[in-house]
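Open the model in a viewer and keep the sequence panel beside it. The stops below say what to select and what is there.

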Amino acid sequence: MEHLQTQGISLPRLGLGTFRMQGEACRAAVESALGLGYRHIDTAEMYGNEDAIGAAIATSGIPRKELHITTKVWHENLAPDAIRRAFDASLKKLRLDHVDLYLVHWPSRNMNLPAIFETLLKLKQEGRTRAIGVANFNLALLKTAVEEIKAPIACNQIEYHVMLDQTKVARYLAAKSIPLVAYAPLAQGRAASDETLISIGRKYGASAAQVALKWLLDQDGVAAIPKASRAESQRANLDALKLKLDDEDRKAIAALPKDKRLVNPGFAPAWD
């Protein structure tokens, strides 16, 4: 598995997203993924599944140093004391003494960014998270965090797939050597039925979803965290890494409409 190096951590380029996975189904999915070779598991306080993921990790027998675990603090808990309480709760549910990456899940209108990053940096200095980062930050917020606050951001996790143009944010992140972690990388299932992607896949005996995933992972500095609860889907996503797309394929994908945003990118209160 290829990795991205960022802020002292090694981030596997393909991870398992767990949004909307719950309880025993979530635990089984994570156990399956770990058994297949996944080492990057993405969760969040808001997902309500950290306890199930913690149970799967605990029974996996995989050495902690081989795993990359990301979790996130929800927008309602961005005051310094609230961040600490949320972090402690996440760590307890995950049954870990540290996470690899702790993210601000959503920006909030009234957040105090300097205070937030000061708190996150303290958690990092205490060895409780190996790196810190953000999710759903637009270009203006990124510039504030990186250029004004000078926060050591290890990634920005955003919606990104073949049907959505993220050129501006992607270019900025690339210029700053900050990875882009793509969530909803298969456009919440829409990529699987796209005729252009199906046609490209036919050339290689691959699925449209595999083509969409490989298109993302062929880009420098991009990682992806497709949600996959079934072992067959998890294996198919791993197999996408073996695909080799050519210039003709990339040209056809570039011609697809890029206006399908599936998640409201605004401040969290507006999104609720």
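Select helix H2, residues 50-60. The elements that cover its buried residues include helix H1 (23-36), strand S4 (40-42), strand S5 (68-73) and helix H3 (80-94). This is a predicted model. The residues of H2 that are buried are Glu-50, Ala-52, Ile-53, Gly-54, Ala-55, Ala-56 and Ile-57. Now step to Gly-61, which follows H2 and has a positive phi, near 75°.

Next, stay with strand S5, one of the elements covering H2, and select Thr-70, which lies in this strand. Is Thr-70 buried or exposed? Thr-70 has a relative accessibility of 2%, so it counts as buried. Show its contacts: beyond the neighbours within four places in sequence, Thr-70 touches His-40, Ile-41, Asp-42, Thr-43, Leu-101 and Leu-103. For Asp-42, draw a distance between C-alpha atoms: the two residues are 28 residues apart along the chain, yet the separation from Thr-70 is 4.9 Å.

Two further stops concern backbone angles. Most residues other than glycine have a negative phi. Select Arg-95, in the loop between H3 and strand S6 (101-104). Its phi is positive, near 60°, and Arg-95 is not a glycine. Arg-95 counts as exposed because its relative accessibility is 56%. Then go to Asn-136, in the loop between strand S7 (132-135) and helix H5 (139-148). Asn-136 is likewise a residue other than glycine with a positive phi, about 60°. Asn-136, however, is buried, with a relative accessible area of 10%.

Which residues have the most contacts inside the largest nonpolar core? They are Tyr-102, Phe-117, Leu-120, Leu-197 and Ile-253, in a core of 76 residues. Colour helix H8 (residues 208-217) as well: H8 supplies 8 residues, the largest share of this core. Centre the view on Tyr-102 and show what surrounds it. Setting aside residues up to four places away in sequence, Tyr-102 touches Thr-71, Lys-72, Val-73, Ile-83, Ala-86, Phe-87, Leu-120, Leu-123, Thr-129, Ala-131, Ile-132 and Gly-133.

Tyr-183 is one of the lining residues nearest the pocket centre, together with Phe-19, Ala-184, Gln-188 and Lys-227. The lining has 27 residues in total. Of these, 16 are nonpolar, 7 are polar and 4 are charged. The volume of the largest pocket is about 540 Å³.

Finish with the cysteines. How many disulfides does the structure hold? There are 0. A disulfide is a covalent bond between the sulfur atoms of two cysteines. Select Cys-26 and Cys-155 and draw the distance between their sulfur atoms. The closest cysteine sulfur to that of Cys-26 is in Cys-155, 20 Å away, so the two are too far apart for a bond; the cut-off for a disulfide is 2.5 Å. Cys-155 is in no disulfide either, and the cysteine sulfur nearest to its own is that of Cys-26. Cys-26 counts as buried because its relative accessibility is 0%. Cys-155, at 1% relative accessibility, also counts as buried.

Key:
Residues are numbered from 1 along each chain as its sequence is written. This is a predicted model: local features need pLDDT of at least 70, side-chain atom pairs count only at pLDDT 80 or more; totals for chains, interfaces and linings use all residues. Side-chain values use heavy atoms; hydrogens and water are left out. A nonpolar core is a set of buried Ala, Val, Leu, Ile, Met, Phe, Trp, Tyr and Cys residues joined through side-chain atoms within 4.5 Å. Buried means under 20% relative accessible area, exposed over 50%, partly exposed in between (1.4 Å probe, protein chains only). Helices (H or I, at least four residues) and strands (E, at least two) are DSSP runs, numbered from the N terminus. Contact means heavy atoms within 4.5 Å. On a 1 Å grid over the protein atoms alone, a cavity is a set of points where a 1.4 Å probe fits but cannot get out, and a pocket is an open set with protein on both sides within 12 Å along at least five of seven lines; lining residues have an atom within 4 Å of a point. Grid points are joined across faces, edges and corners, and a volume is the space filled by probe spheres set on the points. Ala, Val, Leu, Ile, Met, Phe, Trp, Tyr, Cys and Pro count as nonpolar, Asp, Glu, Lys and Arg as charged, and the others, Gly among them, as polar.
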